[in-house]
Amino acid sequence: MVITAAKARMQNIVKRYGDTIALDNVNMEIAEGELLGLLGPNGAGKTTLIYALAGLVSVDGGSIELFGRPQDTHLIEHKRRIGLVTQEITVFVDLTARENLEFFGGVYGLRGSLLQQRVSETLAFVGLEERAHQFPAKFSGGMKRRLNIACALVHRPELLIMDEPTVGIDPQSRHHILESVRQLRRAGTTVLYTTHYVEEVQAIADRVVILDQGNVIADGSVADLVASIQHEETVILELMETVDGIAERLGSVDGVKQVTPEGRRLIVTSTAGSGNLDRLLEIVREAGGVRSVQTPAPTLEDVFLTLTGRQLRDPEEE
Ligand SMILES: Nc1ncnc2c1ncn2[C@@H]1O[C@H](COP(=O)(O)OP(=O)(O)OP(=O)(O)O)[C@@H](O)[C@H]1O
Ligand SMILES: [Mg+2]
């Protein structure tokens, strides 16, 4: 018998919606007890991947294994062992916070005093004890998110799948959620944490899978992925004003691999050690002056930029 330490494994998963290939031969494994960050821009296929794992969409090719067995969407045991925090908030607005948890706990087979105990513990865990008897309509965005998370936790799943659980919330709730996720992991829960916020993945993930246009383009620890692009250097030049053709001029400097204009800012990636900063500065000075120069330490954002030539995050966003 093969003993597998993977909680979930996807092999060559293909999912199409008409002409759109949402998942293009995805291979991914979630190891027991790890906190895996799934990072990708809008439309990368993150939700589709999660739905496939949770058995909510059928796939067009490949295979999925859960808890060491082939996925069986009819198997109640698979459903019971997974907790899914959906990207859209899916709580009942005409039930109180407590009643919402009682409902979801009941769906997973909890009854009586055990149900009540789990509901109380889960409300406390997400910091909503004092709101137990209030309706979610009165909640802030962050409180709704926390209730949404609680609904997926009340049955104590061993694999928790979270789809962008911190979108559009206040910093305090974000901090609370990230801290709760860390705590769950310490207690042995395996977590798949999906986001398009690089900082979150850098802060909490043991390992990260980067998904782009339905493809896994990177898989490893944050440190390993960042190290893998250390053969490059980034300089951010902020100009006094936008200048036509400046990206092309900078692009022709020795050592420059890529120039990404972002309004008045230009992100210039060069081969490490190319020593071209003087030349770059000369060009921008001639073109009307430079407001600021930054040479940031590489992040997962740079990993994405290096691999795809695009920004992970829309610069217009918050
Ligand atoms: N039900 C659907 N019907 C048709 N196309 C779909 C459907 N769901 C997703 N898609 C398409 O599949 C691709 C992947 O979408 P998906 O929602 O999985 O991405 P995502 O990474 O979760 O994006 P976001 O960050 O916006 O949530 C996109 O091109 C999307 O338009
Ligand atoms: Mg999504």
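**Conventions.** I number residues from 1 along each chain as its sequence is written, and chains are lettered from A and ligands numbered from 1 in the order in which they are written. In this predicted model local features need pLDDT of at least 70, side-chain atom pairs count only at pLDDT 80 or more, totals for chains, interfaces and linings use all residues, and side-chain values use heavy atoms, with hydrogens and water left out.

**Sheet.** I looked up the strand order and found S2-S1-S4-S5, an open sheet of four strands with antiparallel pairing. Strands are DSSP runs of E, at least two residues, and helices are runs of H or I, at least four, numbered from the N terminus. Two strands pair if DSSP finds at least two bridges between them. At the edges I noted S2 (20–31) and S5 (69–70), each pairing on one side only. S1 (residues 6–17) and S4 (residues 61–66) are joined by five bridges. I traced Gln 11 to its bridge partner in S4, Ser 63.

**Helix H11.** I checked residues 300–308 and listed Leu 300, Glu 301, Asp 302, Val 303, Phe 304 and Leu 305 as buried (under 20% relative accessible area, 1.4 Å probe, protein chains only). Thr 299 caps the N-terminal end, with a side-chain oxygen 3.1 Å from the backbone nitrogen of Glu 301. Just after H11, I found Gly 309 with a positive phi of about 75°.

**Thr 96.** I placed Thr 96 in the loop between S6 (82–85) and H3 (97–107). Is Thr 96 buried or exposed? Thr 96 is buried, with a relative accessible area of 7%.

How values were computed:
Buried means under 20% relative accessible area, exposed over 50%, partly exposed in between (1.4 Å probe, protein chains only). A polar contact is a pair of N or O atoms within 3.5 Å; within protein, one must be able to donate a hydrogen and the other to accept it, and residues adjacent in sequence count only if both atoms are side-chain atoms.
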